[in-house]
Amino acid sequence: MEKYIINGGNKLYGSVRIQSAKNSVLPILAATVLTDGKVKILNVPQISDLKNMVKILTGLGCKAVFDGNDILIDSSNADCFEIPSALAHELRSSVFLLGSVISRFRSAKIAYPGGCDIGLRPVDLHLTGLKRLGVEITEKNGYILCKCDKLRGNDIMLDCPSVGATENIMLAAVKAEGVTVIRNAAREPEIEDLQNFLNCIGAKVHGAGSGTIRIEGVKTLTGCEYQPIPDRIEAGTFLIAAAMCGGEIVAEGAYPENISSLIHKLRENGCKISINNDKIILENHKRLTSVKTIETQPYPGFPTDLQAQFTALCGVCAGHSIITENLFETRFKYVPELRKMGADITVIGRNAFVRGIERYKGATVIAHDLRGGAALVLAGLSAEGRSEVVDISHINRGYGFLEYKLRNLGADIVRVAV
Ligand code: UD1
């Protein structure tokens, strides 16, 4: 077990390079099972979710070799269609493997996925979509068992634009016979990135980024070298950190248009933000003003993955805010921890009612999930005095070198084994 010790109060100055997107790299890694060609993914983030995904791929018989910041995957000898329960429980994205494993082996067996405990997180839409492609599914003793003779393209309408379900169906459909159309598909930038990767290895996928994705099945796929898009959630987290601590930072290697909802809100708070190609420059030297309301929405709305960090910011803005979490049922678990630091936030159902205080006070808090954990780190950085953020394993899932990057910007934060 590890924790962060933070001495709050330092302003942040300097540049931070944004990692490749966790939520792109994980489904892309799942997609490598579809091909016998060699795939090189450039600049992968150093996060534990990626390491767990690589362990799963290795368990399936794929070869994975790290080459500096890149990873080489060779799935030509993959020979196993079972994803062990211990790893599936570690990683929600293990569920993406259903689509590619069923495509490759005509069978798949996977334990129910894990990941952050932020709500019910059902997989019914994934399974309904796969059934529409001809997969027979049984659920037994905590396992999902899939079988099919052949995958056949079909018209699939999602009840809601689930990111994971859209990606899983894309993966299963790439080598299916005929054409698959996914309607009410999720429009997140990571879906378009998955499409670009799949097309790079020879698939025929069009429309990602819109609500309708068309996949024409192909027989064979090849290898490629691929650079995933930057992580909009990591970029957003650093911008919010600078907004809370004050100072001036440059998030480099970002796609500003992918977090325009956040940039818009931070400007409304009073931050000065300028954009220069792939650089987002945020400057703030004063106490910010609350935005009145904010609601999480599927892309291009405000991302649920920045809700906790933004609520932490609202906690020290002048005025009141109401934050509504529309995607996940229990994504306010960090609020009682923030209250230990003095926050005046009340959660009722899916709404957090925030009355901004002047400043957080250092305290010992527990990171219960990835983004909630990041929010506590930000609160600690801006707080008066010393904070400890305990059990940072969840934070390790999504932020590579977080403390190094923050220290480079002038923060006083260390990782300590306990
Ligand atoms: C992905 C992201 C996660 C992000 C989320 C929403 C990855 C690895 N994770 O998660 O970081 O917070 O998108 O942007 O990319 N739902 C169902 N049935 C299903 C699937 C989903 O009802 O079968 C519901 C969920 O309960 C939730 C909503 O759909 O309310 C959105 O979930 P979804 O988009 O599927 O999120 P994930 O793919 O799990």
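At what angle do helix α4 (residues 97-105) and helix α6 (residues 163-173) pack, and how far apart are their axes? In this predicted model, the two helices pack at an angle of about 15°, with their axes 7 Å apart. Because angles under 35 degrees count as roughly parallel, α4 and α6 are therefore described as roughly parallel to each other, and α4 passes α6 in a right-handed crossing. On the α4 side the contact is made by Leu-98, Gly-99, Ser-100, Ile-102 and Ser-103, and these meet Asn-168, Leu-171 and Ala-172 of α6. Sorted by class, this contact has 4 nonpolar and 4 polar residues, with no charged residues.

A second pair of helices can be read in the same way. The axes of helix α8 (residues 232-245) and helix α12 (residues 370-382) come within 9 Å and cross at roughly 25°, so that α8 and α12 are likewise roughly parallel to each other. Here α8 contributes Ile-233, Thr-237, Ile-240, Ala-241, Met-244 and Cys-245, while α12 contributes Arg-371, Ala-374, Leu-378, Ala-379, Leu-381 and Ser-382. By class, the contact of α8 with α12 has 9 nonpolar, 2 polar and 1 charged residues, and the crossing of α8 past α12 is right-handed.

Turning to the ligand, 20 residues lie around it, of which Asp-124, Leu-125, Ser-162, Asp-305 and Leu-327 come nearest.

Definitions and conventions
Residues are numbered from 1 along each chain as its sequence is written. This is a predicted model: local features need pLDDT of at least 70, side-chain atom pairs count only at pLDDT 80 or more; totals for chains, interfaces and linings use all residues. Side-chain values use heavy atoms; hydrogens and water are left out. Axes are lines fitted to C-alpha atoms, for helices over the stretch in contact, and angles run from 0 to 180 degrees between N-to-C directions. Helices (H or I, at least four residues) and strands (E, at least two) are DSSP runs, numbered from the N terminus. Angles under 35 degrees count as roughly parallel, over 145 as roughly antiparallel, 65 to 115 as roughly perpendicular and the rest as oblique. A crossing is left-handed if the near helix is turned anticlockwise from the far one by less than a right angle, and right-handed if clockwise. Contact means heavy atoms within 4.5 Å. Ala, Val, Leu, Ile, Met, Phe, Trp, Tyr, Cys and Pro count as nonpolar, Asp, Glu, Lys and Arg as charged, and the others, Gly among them, as polar. A residue is near a molecule or strand if one of its heavy atoms lies within 4 Å of it.
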